[in-house]
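Subject: Structure handover

Hello,

Here is the structure we talked about. Please open it alongside this note; my findings follow below.

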Amino acid sequence: MTDTAALPAALQEIADDFADLAAPQRLELLLEFSEGLPDLPERYAGRLGEMEQVHECQSPLFLVVEVGDGDDDPRSAAEQPVHLFFSAPPEAPTTRGFAGILHEGLDGLSVQEVLAVPEDAPYRFHLGEAVSPLRLRGMVGMLSRIKRQAALKSQA
(Lines give C-alpha, C1' and ligand atoms only; values in the text may rest on other atoms or scores of the structure.)
Protein backbone atom coordinates (compact mmCIF):
# COMPACT_ATOMS: atom_id res chain seq x y z
CA MET A 1 0.00 0.00 0.00
CA THR A 2 1.39 3.38 -0.97
CA ASP A 3 1.09 6.33 1.36
CA THR A 4 -0.14 9.52 -0.29
CA ALA A 5 1.17 11.88 2.40
CA ALA A 6 3.48 14.57 1.10
CA LEU A 7 7.20 14.55 1.71
CA PRO A 8 8.85 17.52 3.43
CA ALA A 9 9.91 20.07 0.79
CA ALA A 10 13.65 19.28 0.88
CA LEU A 11 13.03 15.53 0.63
CA GLN A 12 10.51 16.05 -2.20
CA GLU A 13 13.04 18.12 -4.10
CA ILE A 14 15.55 15.26 -3.83
CA ALA A 15 12.89 12.75 -4.94
CA ASP A 16 12.09 14.95 -7.95
CA ASP A 17 15.80 15.13 -8.86
CA PHE A 18 15.99 11.33 -8.86
CA ALA A 19 12.73 10.99 -10.82
CA ASP A 20 14.09 13.19 -13.60
CA LEU A 21 17.00 10.82 -14.25
CA ALA A 22 17.44 7.45 -15.94
CA ALA A 23 18.52 4.54 -13.70
CA PRO A 24 22.29 4.82 -14.42
CA GLN A 25 22.24 8.54 -13.61
CA ARG A 26 20.30 7.83 -10.41
CA LEU A 27 23.25 5.74 -9.25
CA GLU A 28 25.57 8.66 -10.00
CA LEU A 29 23.37 11.01 -7.98
CA LEU A 30 23.27 8.48 -5.14
CA LEU A 31 27.08 8.46 -5.20
CA GLU A 32 27.05 12.26 -4.93
CA PHE A 33 24.91 11.99 -1.79
CA SER A 34 27.34 9.38 -0.47
CA GLU A 35 30.26 11.75 -0.95
CA GLY A 36 28.31 14.62 0.64
CA LEU A 37 27.46 12.79 3.88
CA PRO A 38 28.96 14.91 6.68
CA ASP A 39 31.60 13.41 8.94
CA LEU A 40 30.62 12.53 12.48
CA PRO A 41 31.13 15.36 14.95
CA GLU A 42 34.03 14.88 17.36
CA ARG A 43 31.69 13.95 20.22
CA TYR A 44 30.74 10.72 18.40
CA ALA A 45 34.10 9.86 16.84
CA GLY A 46 35.13 6.40 18.03
CA ARG A 47 31.92 6.04 20.05
CA LEU A 48 29.75 3.85 17.84
CA GLY A 49 28.46 2.14 20.98
CA GLU A 50 26.47 5.30 21.70
CA MET A 51 24.86 5.12 18.27
CA GLU A 52 22.21 2.74 16.96
CA GLN A 53 23.19 0.21 14.33
CA VAL A 54 20.78 -0.24 11.44
CA HIS A 55 20.89 -4.00 10.92
CA GLU A 56 18.78 -3.86 7.74
CA CYS A 57 21.71 -2.21 5.96
CA GLN A 58 24.06 -4.54 4.12
CA SER A 59 27.01 -2.45 5.30
CA PRO A 60 27.60 -1.34 8.89
CA LEU A 61 25.66 1.87 9.42
CA PHE A 62 25.21 3.61 12.75
CA LEU A 63 23.04 6.63 13.43
CA VAL A 64 22.06 8.91 16.26
CA VAL A 65 19.37 11.55 16.46
CA GLU A 66 19.63 14.66 18.60
CA VAL A 67 16.57 16.77 19.32
CA GLY A 68 16.72 20.47 20.14
CA ASP A 69 19.36 23.15 20.13
CA GLY A 70 19.95 23.36 23.88
CA ASP A 71 18.18 23.39 27.21
CA ASP A 72 17.02 26.99 26.90
CA ASP A 73 15.17 26.48 23.58
CA PRO A 74 11.65 27.87 24.15
CA ARG A 75 10.00 25.82 21.40
CA SER A 76 7.62 22.97 22.23
CA ALA A 77 8.85 19.39 21.96
CA ALA A 78 7.13 18.95 18.58
CA GLU A 79 8.77 22.12 17.24
CA GLN A 80 12.31 21.18 18.33
CA PRO A 81 14.75 20.63 15.45
CA VAL A 82 16.06 17.16 14.70
CA HIS A 83 19.75 16.66 13.96
CA LEU A 84 20.99 13.47 12.31
CA PHE A 85 24.43 11.90 12.48
CA PHE A 86 25.55 8.83 10.53
CA SER A 87 28.60 6.60 10.42
CA ALA A 88 29.13 4.33 7.41
CA PRO A 89 32.37 3.14 5.82
CA PRO A 90 33.61 4.88 2.66
CA GLU A 91 33.50 1.53 0.83
CA ALA A 92 29.69 1.45 1.27
CA PRO A 93 28.55 4.12 -1.20
CA THR A 94 24.95 2.92 -1.51
CA THR A 95 24.41 2.89 2.25
CA ARG A 96 26.19 6.24 2.61
CA GLY A 97 24.07 7.61 -0.26
CA PHE A 98 20.84 6.66 1.50
CA ALA A 99 22.12 8.29 4.70
CA GLY A 100 23.11 11.37 2.70
CA ILE A 101 19.62 11.67 1.23
CA LEU A 102 18.00 11.41 4.66
CA HIS A 103 20.50 13.83 6.17
CA GLU A 104 19.95 16.45 3.49
CA GLY A 105 16.19 15.98 3.45
CA LEU A 106 15.47 15.75 7.19
CA ASP A 107 18.25 17.36 9.23
CA GLY A 108 17.00 20.55 10.87
CA LEU A 109 13.30 19.76 10.42
CA SER A 110 11.09 19.79 13.49
CA VAL A 111 10.22 16.62 15.36
CA GLN A 112 6.65 16.99 14.08
CA GLU A 113 7.83 17.23 10.46
CA VAL A 114 10.13 14.21 10.80
CA LEU A 115 7.41 12.11 12.42
CA ALA A 116 5.05 13.01 9.55
CA VAL A 117 7.40 11.59 6.89
CA PRO A 118 5.49 8.74 5.22
CA GLU A 119 6.85 5.25 5.73
CA ASP A 120 7.11 4.72 1.97
CA ALA A 121 9.41 7.72 1.49
CA PRO A 122 12.47 5.56 0.59
CA TYR A 123 10.54 4.16 -2.38
CA ARG A 124 9.81 7.62 -3.78
CA PHE A 125 13.38 8.14 -5.00
CA HIS A 126 12.87 5.78 -7.96
CA LEU A 127 15.88 3.72 -6.94
CA GLY A 128 14.12 0.35 -7.33
CA GLU A 129 15.53 0.00 -10.86
CA ALA A 130 19.03 0.92 -9.72
CA VAL A 131 19.47 -0.98 -6.43
CA SER A 132 18.10 -4.20 -5.00
CA PRO A 133 15.01 -4.36 -2.75
CA LEU A 134 17.32 -5.66 -0.01
CA ARG A 135 19.35 -2.45 -0.20
CA LEU A 136 16.21 -0.29 -0.16
CA ARG A 137 15.18 -2.03 3.07
CA GLY A 138 18.28 -0.48 4.61
CA MET A 139 16.95 2.99 3.90
CA VAL A 140 13.55 1.99 5.30
CA GLY A 141 15.36 0.83 8.45
CA MET A 142 17.21 4.14 8.73
CA LEU A 143 14.00 6.15 8.42
CA SER A 144 12.13 4.07 11.01
CA ARG A 145 14.98 4.45 13.53
CA ILE A 146 15.22 8.19 12.90
CA LYS A 147 11.50 8.58 13.55
CA ARG A 148 11.59 6.35 16.65
CA GLN A 149 14.58 8.17 18.14
CA ALA A 150 13.04 11.58 17.37
CA ALA A 151 9.81 10.56 19.09
CA LEU A 152 11.59 9.15 22.15
CA LYS A 153 14.04 12.02 22.55
CA SER A 154 11.38 14.71 22.15
CA GLN A 155 9.54 13.26 25.20
CA ALA A 156 12.59 13.53 27.45
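Start with Arg43 and Glu66, whose side chains form a salt bridge, N to O at 2.9 Å. The term means a side-chain nitrogen of Lys or Arg within 4 Å of a carboxyl oxygen of Asp or Glu. Arg43 sits in the loop between helix 2 and strand 1 (52–53), and Glu66 sits in strand 2 (residues 62–67), so the bridge ties together parts 23 residues apart in sequence. Helices (H or I, at least four residues) and strands (E, at least two) are DSSP runs, numbered from the N terminus. Arg43 is partly exposed because its relative accessibility is 43%. Buried means under 20% relative accessible area, exposed means over 50%, and partly exposed lies in between (1.4 Å probe, protein chains only).

Two notes on the ground rules. This is a predicted model, in which local features need pLDDT of at least 70 and side-chain atom pairs count only at pLDDT 80 or more, while totals for chains, interfaces and linings use all residues. Residues are numbered from 1 along each chain as its sequence is written, and side-chain values use heavy atoms, with hydrogens and water left out.

Other salt bridges

The count comes to eight salt bridges. One of them joins Glu129 to Arg26, with the closest N and O atoms 3.5 Å apart. This pair links distant parts of the chain: Glu129 is in the loop between helix 4 and helix 5, and Arg26 is in helix 2 (residues 23–36). In sequence they are 103 residues apart; C-alpha to C-alpha, they are 9.2 Å apart in space. Arg26 has 8%, so it is buried.

Arg47 and Glu50 make another bridge, with their closest N and O atoms 2.6 Å apart. Both ends are partly exposed: Arg47 has a relative accessible area of 40%, and Glu50 has 44%. There is also a network: Glu52, Glu56, Arg145 and Arg148 are joined by salt bridges that share partners.

The negative patch

Which residues gather in a patch of negative charge on the surface? They are Glu13, Asp16, Asp17, Asp20 and Glu104. Patch members have over 30% relative accessible area and no salt bridge; like charges are joined within 9 Å, and nonpolar side chains (Val, Leu, Ile, Met, Phe, Trp, Tyr) within 5 Å. Accessible areas come from the Shrake-Rupley method with a 1.4 Å probe, and for residues only the protein chains shown count as cover.

Helix 1 (residues 9–19) supplies the largest share of the patch, three residues. Asp16 lies in helix 1. Its relative accessibility is 37%, so Asp16 counts as partly exposed.

Arg124 counts as buried because its relative accessibility is 18%. Its side chain reaches the backbone oxygen of Ala5 at 2.7 Å. That is a polar contact: a pair of N or O atoms within 3.5 Å; within protein, one must be able to donate a hydrogen and the other to accept it, and residues adjacent in sequence count only if both atoms are side-chain atoms.

His126 lies in the loop too. Check its backbone: phi of His126 is near 55 degrees, a positive value in a residue other than glycine. Most residues other than glycine have a negative phi. His126 is partly exposed, with a relative accessible area of 39%.

The flanking helices

Glu113 is in helix 4. With a relative accessible area of 40%, Glu113 is partly exposed. Its side chain reaches the backbone nitrogen of Ser110 at 2.8 Å. The C-alpha atoms of Glu113 and Arg137 are separated by 22 Å, and the two residues are 24 apart along the chain.

Ser154 lies in helix 5. Ser154 is buried, with a relative accessible area of 17%. The Ser154 side chain reaches the backbone oxygen of Ala151 at 3.0 Å.

Best wishes

How values were computed
Lys and Arg count as positive and Asp and Glu as negative; His and the chain ends are not counted. The place of a charge is taken as NZ of Lys, CZ of Arg, CG of Asp or CD of Glu.
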